[in-house]
Amino acid sequence: ALKLNKEYQGYGLAAKARQRADWLIGMNFTRAYTLLSQAKGHKGTTTIGRVQTPTLALVVKRDREIENFVPIPYYVITATVNVGTGQLLMRWNPKEGQPGLDEENRLINPQVAKELVNKVFQQTGKITQIKREKKQNNQHKGFSLTGITLKASSLYGYGAETVLKICQSLYERHKILTYP
């Protein structure tokens, strides 16, 4: 199913346009910003690029968010409920427009949390709906030699050489491992 090369000529032209734009933008803006920053006392080159500059801006923004992070205490309301002969662990989920929540839907108002707990504490409830789902746990992926070495080291204190010898033996003699 070969196709003529001319059908893909647009991709090549687009790549050439990006290449030239990168060169022109990089060369001209790098020179301009370098001169501006050197006029303010900065030594060295200030590089600008079509991909590099917005990527760096994302990294700087995230770094500043982390730097200025202020932990906010929030409340999670849980209850152990007796049901028949067993127990269920339940967690409160806020309803739409619930007072006392922040923008991430976390309960941050201690008074609202206390009121909610007092409202349901030692009360009898009624289960109105049960939803059952079949869930499947996928089989764990096999270990790489590095992975099994780390696990064996943390569990049994084995070194890399010991783990390799054990794996090699299980592969060659017992035929229960793939090639390590």
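Predicted model: local features only at pLDDT ≥ 70, side-chain atom pairs only at ≥ 80, totals over all residues.

Let's start with Asn 82: is it buried or exposed?

Guide: Asn 82 counts as exposed, at 60% relative accessibility. The labels work like this: buried means under 20% relative accessible area, exposed means over 50%, and partly exposed is in between, using a 1.4 Å probe and protein chains only.

Residues are numbered from 1 along each chain as its sequence is written, and side-chain values use heavy atoms, leaving out hydrogens and water.

Back to our residue. Asn 82 sits in strand β1, which runs over residues 78-83. (Strands are DSSP runs of E with at least two residues, helices are runs of H or I with at least four, and both are numbered from the N terminus.) The Asn 82 side chain makes a polar contact with the side chain of Gln 87, at 3.0 Å. A polar contact is a pair of N or O atoms within 3.5 Å; within protein, one must be able to donate a hydrogen and the other to accept it, and residues adjacent in sequence count only if both atoms are side-chain atoms.

Now look along the chain to Thr 55: it is 27 residues from Asn 82, and their C-alpha atoms are separated by 53 Å.

For a link between other parts, find Arg 50 and Asp 22, whose side chains meet in a salt bridge (2.4 Å, N to O). Arg 50 lies in the loop between α1 and α2, and Asp 22 is in helix α1, so this pair ties together parts 28 residues apart in sequence. To count as a salt bridge, a side-chain nitrogen of Lys or Arg must be within 4 Å of a carboxyl oxygen of Asp or Glu. Side chains of opposite charge can pair when their charged atoms come close. Arg 50 is partly exposed at 40% relative accessibility, and Asp 22 is partly exposed too, at 31%. Searching the whole structure turns up seven salt bridges.

Helix α1 (residues 9-39) also holds Thr 30. With a relative accessible area of 14%, Thr 30 is buried, and its side chain reaches the backbone oxygen of Gly 26 at 2.5 Å. Leaving aside residues up to four places away in sequence, Thr 30 touches several residues, including Thr 46 and Ile 48; touching here means heavy atoms within 4.5 Å.
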